[in-house]
Amino acid sequence: MKQLLSARLGVIIWLLSSMTGCERLAQVEKEVVPEGVQVARYGSWESPLTAEDVYGLSDDITELQSIDDGIYFIQSDAAQQGRKSVKKLNIDGTVTDVINADFDVRTRVNEYGGAPVLGIGQSLFASKFSDQRLYRIAPNQEAVALTPLKTRYADCIFQTRGARLICVQEDHRQTGEPVTRLVGINVSYADKTKTLVSGADFYSSPILSPDQTHMAWIAWQHPNMPWDKTELWMADVDPKGEIVNPHRLIADSKGSITQPIFSPDGILYFVADFNNWWNLYRMNAKGRAEIVYDHEAEFAVPDWKMGNHNYAFESPTSLIASYSSKGVAGLVRVNIDTGVAEPIDVDFAEITQVIKGFDGVYFVGAKETPEKGIYKVQGRMAQLIYSPPLPVMDDDYISRGESMSFKSGNKKTAYGYFYPPKNPDFRGKEGIRPPLLVMLHSGPTNKASRAFRRDIQYWTSRGIAVFDLNYRGSSGFGRRYRNSLYGNWGKYDAEDAVRAAGFLVNKGLVDGTKLSIKGFREEGLSALSALAFYNTFKAGVIYSGISNVALFEKETHKFEASYIKHLVGKDNYYHDHTALFYLKGLAEPLLFIQGLNDIMIPAEQSKFIYKELKDKGVPIAYMEFKGDSPNLVTMKSKIEILHSELSFYGQVFGFTPAGNVTKLKFDNAKNLPPMLDK
């Protein structure tokens, strides 16, 4: 008998030891509750992470730029609703303020901006958000506007031969579509600009060779987005600094080319997805593109914003590059002569802004914990150099995302990160699984990452599981995966959300009767589609979501003018796959959160659905706020929104949130589904 029991115990131990943390959650075992741990409904757990913490100390570093005696970087100020300031990391490690957040350094080129500042010695040239003019800012001097109103600037470089800036200009002074070009800007006198390169619909990434005899840049035309098809151009720079002999390189290329950089010896490097993956290439002596490092990973990101940097030269023979491979971030040192790569031992969830600094290669890194900041590559390691003010969160409360893949429609694989509930002070009732919140990243050509997010931990520390979905169409998984959403927006992403929820239910990780989905702006459409065309989700939260694709396309801007056509594929899609026309399929409780002054997604779209579903008897709540969209409202409003969302889930899934959370007012609350005592 003892041998039999021993054998059975050995099998149990082997099974448990071979399971992941998430699979152990699926085991229904009678456990002794440790002293001090409370058994309570999932969702009702008391958490140390408050709504104020989620939107409080959230200062973030967005861009790095090297100068001779330090590094300029842009930091958002949470206390000033995310306005951008410029700081300087000095050689001695100290940090000084250069431009305060009241100036708000941001550009609206292509609407999404990026690369709004250039440092030259002690002077900065920065775009001011309020008027979009480019200013010269020097020590002990008043800021001087160098450019006229109704023009926008980004991605500037300094040309010593012409003693001028070269920038991407977006000109809104004429009627119709704004004109984008590369211009030269006099650094001493106002309104002295000169067109250098024009004719394409879009430009980005001007870069000069080390001897300033050549300039390269990226251009693209409608209907392409920069991750679809771009052109790499080169020109000579004559002794007077004029741009001459412009010519396109690799004219037969059909992919996306981005991030051109000249090596220290003047060879042009770039990133392209010719082989499905954004890999590192260079132009050889025969004028042809040759791959430098062939790897099934993405060494670039979609250029929604300008100023992305995934690699930098460490020396004349080696470069440091960041990449993403099926959801995992990495850093590698590549010998450009041999192509041999050496991994750098880092544990970051996200790596951005890789640049050559005054004494090495720097980057911005974010981890699965609150730690984030500016790091320096030191051999095969990375050293933290600077970190913005960060909230402290006990590691015992942090839920870490587990990378998962699952089969979706047409037997295609989709991806995401599962965050199980985690709170050392609480435990769910025996045999009960937690509610699930499926989150859809914006974009849709964007991606979820494992980088620490307080808005995810807010839910997991209260007992609600989260799945952060990288649906088909997300970046980070190759060109084919990224483009698979074209013609299928609101279809494949909605299907992936449904399949993800089913996958987690089948693994025993979540409660199949308590599944919710949340979408923001573009992915509000996908969340509504998942609710309208499937019966999987029991609740939905829509943040300024698109419900009428045709109206959204009419209101969109130049950068995205053709993007909607790519996503929807054909005209009848507007009707066939837009939830607005299939409200009869919507019966689940909904919460709409809408910015009243949202130009791109007018409140009327959300109000129309709200009224229709309210009259139909669907349990529904509608909240509206002043400001462009929900992410731009005041701190007070953000806290109110988060509390309301928590109350929404509590009323739908049958739990009472801990703390002082005002109960959300529902229309048709009497029609909320009855919940068992779980």
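Trainee: What makes Arg 400 count as partly exposed?

Mentor: Arg 400 has a relative accessible area of 33%, and since buried means under 20% relative accessible area, exposed over 50%, and partly exposed in between (1.4 Å probe, protein chains only), Arg 400 is therefore partly exposed. Asp 395, at 38% relative accessibility, is likewise partly exposed. Keep in mind that this is a predicted model, in which local features need pLDDT of at least 70 and side-chain atom pairs count only at pLDDT 80 or more, while totals for chains, interfaces and linings use all residues. Residues are numbered from 1 along each chain as its sequence is written, and side-chain values use heavy atoms, with hydrogens and water left out.

Trainee: Why is the contact between Arg 400 and Asp 395 called a salt bridge?

Mentor: A salt bridge is a side-chain nitrogen of Lys or Arg within 4 Å of a carboxyl oxygen of Asp or Glu; the N to O distance between Arg 400 and Asp 395 is 2.7 Å, so the pair qualifies. Salt bridges with shared partners also join Arg 108, Glu 111, Arg 152 and Glu 170 into one network.

Trainee: How many salt bridges does a search of the whole structure find?

Mentor: The search finds 31, including the one between Asp 273 and Arg 479, where N and O are 2.8 Å apart. Asp 273 sits in the loop between β19 (268-272) and β20 (279-283) and Arg 479 in helix α5 (residues 479-483), so this pair ties together parts that are 206 residues apart in sequence; helices (H or I, at least four residues) and strands (E, at least two) are DSSP runs, numbered from the N terminus.

Trainee: Are Asp 273 and Arg 479 buried or exposed?

Mentor: Asp 273 is buried, with 2% relative accessibility, and Arg 479, at 19%, also counts as buried.

Trainee: What makes Cys 156 and Cys 167 a disulfide?

Mentor: A disulfide is a pair of cysteine sulfur atoms within 2.5 Å, and the sulfur atoms of Cys 156 and Cys 167 are 2.1 Å apart, so the pair meets the criterion. The pair links Cys 156 in strand β10 (residues 151-159) with Cys 167 in strand β11 (residues 164-171), 11 residues apart.

Trainee: Why is the disulfide of Cys 156 and Cys 167 called right-handed?

Mentor: The torsion about its S-S bond is about 115°, so the disulfide is right-handed. Cys 156 is buried at 12% relative accessible area, and Cys 167 is buried at 0%.
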